[in-house]
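Me: I would like to learn how to read a few features of a protein model. Could we start with burial and then go on to helices and loops?

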Amino acid sequence: MQALVQTAIDLEFSTLPPYLYALFSIRPDTNVPAFERLHEVIMEEMTHMCLACNIMNAIGGKPAINAPKYPGPLPGDVDAGLTVHLLPLSEAAMQQGMAIEEPSEPITPKAMAMAPEDTGVTIGEFYERLDKELKALPASAWTANRNQVDDAQFLQGQIFAVNNYEDAHKAIDQIVSEGEGTPVTPDGKGSPLDFRDDLAHYYRFWEISRNQLLVKDSSEAGYAWGPSLGVDWDNVYPAIPDPQLHDFSKEPEAAQKAQLACNGAYTGMIYMLAEAFNGGEGGMGLAVRQMFDLRVAARVALETPLADGKSVAGPAFINLSAPAASSGGQQQ
């Protein structure tokens, strides 16, 4: 059971670097609609990871924050066959976000073809299995108030303590709803909206990818594509894809230092998150500080030219304290 919950934690954390890479690549004071949508998705993914860690603590486990590799697959056989890349804001990056978040039966607004089908399970199907496994646990398996992170520490109004199965079920409903929207059922046609009546992640990525607002209408689907969202694909830093594969030892010293700062902040964030979720002093406050440091370091990296004089590199999201950090040309 704890292994399955750890997979949920890994799954939520694995979405953050690709979404952050796209967000960071947006030039300052441009592409506001795309920035806002990405930022909202990222904050909700952070909420999902916190809730998954709360579930782990409630059943007596120890949450781990494992840094994924990119390009690479999602944990837990979710969207098997999908290779996740670190990409700057682009249609390809948004279509990747759609592939990650895709419901088993997406709501299809008129005049829009479906995205290609993935194999493996969807995020919603993964969480359906987890919910069934948690429901089968005896009441004695749950420990109230064990290393819980609540909204007094981070993301006010979104995170709550998990002390029993009912709390865990509520958390899973929130995670799936915010990612996929209301599912299609025999009794309902589903909705792109989550439980807060906001567009779910899948449809926010679809809006950015299509560069159009999704609006309610009187069609059978209940939604249609409206006016332009105003995305400017050219107003983005010329960031290389998949910087984890890049050999920065051949780049100017300034670019190497910028990546080292990014990786240092990312490493610190991972450490502080693990501490916070395992009852460490300081709670989420120190982790949030590391998140801020990562954002600052990313901006420097994205404004530091590489040797070709044309491109830059966003943060590679490498954990310097991981065993693999001692090998590979991309490390500093």
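Reply: Start with a cut-off: a residue is called buried when its relative accessible area is under 20%. The model here is predicted. In helix α3, the residues that count as buried are A93, M94, Q96, G97, M98, A99, I100 and E101.

Me: What does that say about α3, and which elements cover its buried residues?

Reply: Eight of the eleven residues of α3 are buried, so the rest of the structure largely encloses this helix. The cover over its buried residues includes α1, α2, α4, α5 and α6.

Me: What is the overall layout, and how much of the protein is buried?

Reply: The protein has eight helices and two strands. Along the sequence they follow the pattern α-α-α-α-α-α-β-β-α-α. Of the 332 residues, 54% count as buried. Contacts can also be sorted by sequence separation: among those between residues at least 6 apart in sequence, 70% join residues at least 24 apart.

Me: How should I read one side of a helix against the other? Please use α4.

Reply: The general idea is that an α-helix has 3.6 residues a turn, so residues three or four places apart point the same way. Now the case here. Helix α4 covers residues 123-135, and its 13 residues reach 18 Å from the first C-alpha to the last, close to the 18 Å expected at 1.5 Å a residue. Its buried residues are I123, G124, F126, Y127, L130, D131 and L134. They span an arc of only 150 degrees around the axis, which puts them on the same side of α4.

Me: Which residues of α4 are on the other side, and what covers the buried ones?

Reply: R129 and K132 lie on the other side of α4 and are exposed. The buried residues of α4 are covered by elements including α1 (2-24), α2 (32-58), α3 (91-101) and α5 (165-180).

Me: How do I go from a helix to a single residue in it? Take L134.

Reply: Ask where the residue sits, how accessible it is, and what it touches. L134 is in helix α4. Its relative accessible area is 0%, so L134 is buried. Not counting residues up to four places away in sequence, L134 touches M1, V5, I55, I59, W142, Y165, A168 and I172. A C-alpha distance gives another view: L134 and Q2 are 132 residues apart along the chain, yet their C-alpha atoms are separated by 9.9 Å.

Me: Where does I175 sit, is it buried or exposed, and what does it contact?

Reply: I175 belongs to helix α5. With a relative accessibility of 3%, I175 counts as buried. Setting aside neighbours within four places in sequence, its contacts are E12, H48, L51 and Y127.

Me: How do I read the packing of two helices? Take α2 and α6.

Reply: Look at the angle between the axes, then their separation, then the residues in contact. Helix α6 covers residues 201-210, and it packs with α2 at an angle of about 160 degrees, with the axes 10 Å apart. That angle makes α2 roughly antiparallel to α6, since angles over 145 degrees count as roughly antiparallel. The crossing of the two helices is left-handed. On α2, the contact is made by A34, R37, L38, E40, V41, E44, E45 and H48. On α6, the contact residues are H201, R204, F205, E207 and I208.

Me: What should I look for in the backbone of the loops?

Reply: A cis peptide bond joins Y70 and P71, with omega at about 0 degrees. P71 is in the loop between α2 and α3. That loop also holds D77, which has a positive phi of about 60 degrees although it is not a glycine. D77 is partly exposed, at 48% relative accessibility.

Me: Where is N145, and what is its phi?

Reply: N145 is in the loop between α4 and α5. It is not a glycine, but its phi is positive, at about 60 degrees. With a relative accessible area of 60%, N145 is exposed.

Notes. Residues are numbered from 1 along each chain as its sequence is written. This is a predicted model: local features need pLDDT of at least 70, side-chain atom pairs count only at pLDDT 80 or more; totals for chains, interfaces and linings use all residues. Side-chain values use heavy atoms; hydrogens and water are left out. Helices (H or I, at least four residues) and strands (E, at least two) are DSSP runs, numbered from the N terminus. The expected span of a helix is 1.5 Å times one less than its number of residues. Buried means under 20% relative accessible area, exposed over 50%, partly exposed in between (1.4 Å probe, protein chains only). The arc is that of the directions from the helix axis to the C-beta atoms. Contact means heavy atoms within 4.5 Å. Axes are lines fitted to C-alpha atoms, for helices over the stretch in contact, and angles run from 0 to 180 degrees between N-to-C directions. Angles under 35 degrees count as roughly parallel, over 145 as roughly antiparallel, 65 to 115 as roughly perpendicular and the rest as oblique. A crossing is left-handed if the near helix is turned anticlockwise from the far one by less than a right angle, and right-handed if clockwise.
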